[in-house]
Amino acid sequence: MKVLVTGASGQLGKDVVKVFQEQGHDVLGYDREQLDITDLQQAVKIVGQYQPDAVIHCAAYTAVDAAESDIDGAYQVNASGTRNMALAAEKVGAKLVYISTDYVFDGTAEQPYHEYDNTNPQSIYGKSKRAGEILAQTLSSKYFIVRTSWVYGLHGNNFVKTMLKLGQEKPHLQVVNDQKGSPTYTVDLARFLAELVQTEKYGVYHASNSGSCTWYEFTQAIFQDAAELLGVKITAKLDPCSTEQFPRPAERPCNSVMEHIAIRTNGLNDLRNWREGLRDFLKEYLESSSR
């Protein structure tokens, strides 16, 4: 397959390019310097020249707190940029994979969210990503909307790397224990996307590593696995705290856990448990650090 990837220098984009190439696809990755997704003419021209079978649209405005004050910036990238990629893909008959987020939900549900539950984003980031979903659904006849959560990987900054660093530097750490979700390893998500895009089973998918935890429980696992697998010396004493103790500009969903009904009912391979993904990431991270 010929595959064009936007946001190719980002945390997810880099692993998408790598995984797709390893599986033998012809991959063209673009970062924001090479492809400005907010420029419709440029998007149409680049996609038109390459004639891909699929566009994996990873580029996004992901600064959740900054989006609260940069409303136009968030919508320009997440809404208009997605519209542009959907139109460009549609012109050449390509499939479109739009990476979305758990933030399209309000996080107040008692149970995990289903793919077709009503969305109710509370933050500008969530609202702009939901706008992107609507535009992808409206403008593409071959769309996959893939909502994911709590993403981490080898490239870029993320929660796992931050906690590993702080755990070795700080005597004491407080981590939120009243928000729950499913940590998702970029490599596992990229492998799922590679399987999904070869089908015609279009629609909305929830794709995160299986199982769930709170941020505090996630940190406990990071520290435990880093010590056991990598021999990392963790000095920080870990304490749970509430969301109220850490006010942020953008509201965080209390419950980000998503059911994977679409993966199961379409006979696709579900992502493995988050603990397995975390262990593999930590080994990979150690190897890359010692190179």
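Me: Let's start with F218: is this residue buried or exposed?
Reply: Glad to look, with one note: this is a predicted model, in which local features need pLDDT of at least 70, side-chain atom pairs count only at pLDDT 80 or more, and totals for chains, interfaces and linings use all residues. Residues are numbered from 1 along each chain as its sequence is written, and side-chain values use heavy atoms, leaving out hydrogens and water. The relative accessibility of F218 is 1%. Buried means under 20% relative accessible area, exposed over 50% and partly exposed in between (1.4 Å probe, protein chains only), so F218 counts as buried.

Me: How many aromatic pairs does the structure hold?
Reply: Rings of Phe, Tyr and Trp (its six-membered ring) pair if their centres lie within 6.5 Å; planes under 30 degrees apart count as stacked, over 60 as edge-to-face and the rest as tilted. By that rule, the number of aromatic pairs in the structure is 16.

Me: Is the pair of F159 and F218 stacked or edge-to-face?
Reply: The ring centres of F159 and F218 are 5.4 Å apart. Their planes meet at 20°, so this pair is stacked.

Me: How many residues apart in sequence are the parts that F159 and F218 tie together?
Reply: Helices (H or I, at least four residues) and strands (E, at least two) are DSSP runs, numbered from the N terminus. F159 belongs to helix α6 (residues 159–169), and F218 to helix α8 (residues 215–230). F159 is partly exposed, at a relative accessible area of 22%.

Me: What is the angle between the planes of Y185 and F281?
Reply: Y185 and F281 make an aromatic pair with 5.7 Å from centre to centre. The pair is edge-to-face, and the angle between its planes is 70°.

Me: Over the face of which residue does K2 lie?
Reply: A charge sits over a ring if NZ of Lys or CZ of Arg is within 6 Å of the ring centre and within 35 degrees of the ring normal. K2 lies at 4.7 Å from the ring centre, over the face of Y50.

Me: What is the N to O distance in the salt bridge of R147 and E133?
Reply: A salt bridge is a side-chain nitrogen of Lys or Arg within 4 Å of a carboxyl oxygen of Asp or Glu, and the whole structure holds 13 of them. R147 is buried at 2% relative accessible area, and E133 is buried at 1%. The closest N and O atoms of R147 and E133 are separated by 2.7 Å.

Me: Which helix holds both K18 and E22?
Reply: The side chains of K18 and E22 form a salt bridge (3.3 Å, N to O). K18 is partly exposed at 42% relative accessible area, whereas E22 is exposed at 57%. The two residues are four apart, about one turn, within residues 11–22 of helix α1.
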